[in-house]
Amino acid sequence: MMPFRVLVAVALLIATIWPASADDVVFPPGAHVGMKPLVGLIRAKSFIGFETEDQGVKVLIVDLPADAYGEVANAFKANPAGTGGIKPESLETAAGLAYYTAESTRDGATNVRRYSMILPGPTFSGYIAVQVPENAMKIYTDDAVRQMFASAVIRNEVPVAEQLGLMPFKLTQFSDFKNIRMLAPGAALILADSDEKSGLETRPFMILTVIGSTAASPDDRGRFARQVATTIPGVRDGRITMSEPIRIDGQPGYETRIDATSGKDNTPVTIVQWLRFGSQSSMRIIASSPRDDWEKAFPRFRAVRDGIQPRG
C-alpha cells in the first residue's frame, strides 16, 4: 500500500488565513481536491492544503498520476487486511469510492496520528495526507478526520488565473496556447497545444520555471547554460546547435538550441532553452516544437518569453 504513504514536497505558497466557513467545501488555490476543513484549520503557509495556526495539524493535498488510484484499489482487493498492521478502509465521497488508512507513529519525538486517502480523478488521482500531533487528538479524532475525508470533492480544472497567481512571476502573453497548467504548484508552469494523452512533443509547448541557482560569474554563464540544457527531460540523441549570450528584458541571459528526438514516436524536435540570470536564481524557459513546425512556433515562444514579468 505504498501509494498511501507517499508525502510529496510542494512549492512555497503565499501565506494567508482561509476566509471560508468550515461548513463550506474549500479548494486551496491550485488544488483539484477540496473539502470541508475541520474547525481550526486555515490555509497552509508552505504547502497546498490546511493547517492549524500553530502548524501542528497539517492537511496536505496533492495530485498523483491517474493510475495511482487503480494500483491502490487493486491492492485493497488483493489484500483487504492490509500490511504492517495498517488496514485500509473504503469511503464513499462525491468523487467516488476512496481508500484511506490511519496509523499511529512518531514525528521525531512527538507521537502523531497519520491519515492518508486517495480518490479517483478524471486525469489524476487526488491524494490527501493528514498529520495530527498527540496534543490535538482529542479534537481531531479518527471520526472527525473521516468526516472531513468524506466531504472531499474534485474539480476537473483549476482556473488558469488561480494557477498563475501562485507563480513567482506574471505572464502577460499566452501566444494562443490553450493548455495552461502548473507542473508543480508555485514552481513550474506548462503552456501547450497538446496534452500528455496525445503526446506533448507532437505539438509546440513551453515550460516556465525559476531555478534556485545561477552562474557563478558572467564568464561562467555559457558553461552553466550548456550544463543545465543537458537536464531537459524526455529528449534523446540531443545535439546542441547554438549556445550564446543574449539580453532578455534588459537582463543578462543565454539562449541554447538543441536538435533531438522526443516521445514514444521518436518525434524530431527542436528545443530552445532561455536562461535569464538573477543574483541568486535564474528564470528558465524550455520550448519545444516538432522540427517541421519550428519556424511558426519560435515567434510564439519568444512572445511568451518577452511577456514574463517579475511579481511585484
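Phe-301 is buried, with a relative accessible area of 0%. In this predicted model, Phe-301 pairs with Phe-177 in a stacked arrangement, and both rings belong to one aromatic cluster. Here is a short tour of that cluster, the charges over its rings and the nonpolar cores.

**The Phe-177 and Phe-301 pair**
- Eight aromatic pairs are counted in the model.
- In the stacked pair of Phe-177 and Phe-301, the ring centres are 6.5 Å apart and the angle between the planes is 0°.
- Phe-177 sits in the loop between β10 (169–171) and β11 (179–184), while Phe-301 is part of helix α5 (residues 294–306), so their pairing ties together parts 124 residues apart in sequence.
- Phe-177 is buried too, at a relative accessible area of 3%.

**The cluster and its charged neighbours**
- Together with Trp-274, Trp-294 and Phe-298, the residues Phe-177 and Phe-301 make up one aromatic cluster.
- Over the ring of Phe-298 you will find the charged end of Arg-257, 4.6 Å from the ring centre.
- Trp-274 has Arg-305 over its face, at 4.7 Å from the ring centre.

**Nonpolar cores**
- The largest nonpolar core holds 29 residues, and those with the most contacts inside it are Leu-41, Val-59, Ile-61, Met-117, Ile-128, Val-130 and Phe-149.
- Two or more residues of this core come from each of β4 (58–64), β6 (96–107), β7 (110–120), β8 (125–133) and α2 (142–150).
- Helix α2 gives the largest share, four residues.
- Another core lies apart from this one and has 25 residues, including Met-167, Leu-171, Met-206 and Ala-297.

Notes:
Residues numbered from 1 in each chain as written. Predicted model: local features only at pLDDT ≥ 70, side-chain atom pairs only at ≥ 80, totals over all residues. Heavy atoms only, no water. Phe/Tyr/Trp six-rings, centres within 6.5 Å; stacked < 30°, edge-to-face > 60°. Buried < 20%, exposed > 50% of the residue type's maximum accessible area, 1.4 Å probe, protein only. Lys NZ or Arg CZ within 6 Å of the ring centre and 35° of its normal. Core = buried A, V, L, I, M, F, W, Y, C linked by side-chain atoms within 4.5 Å.
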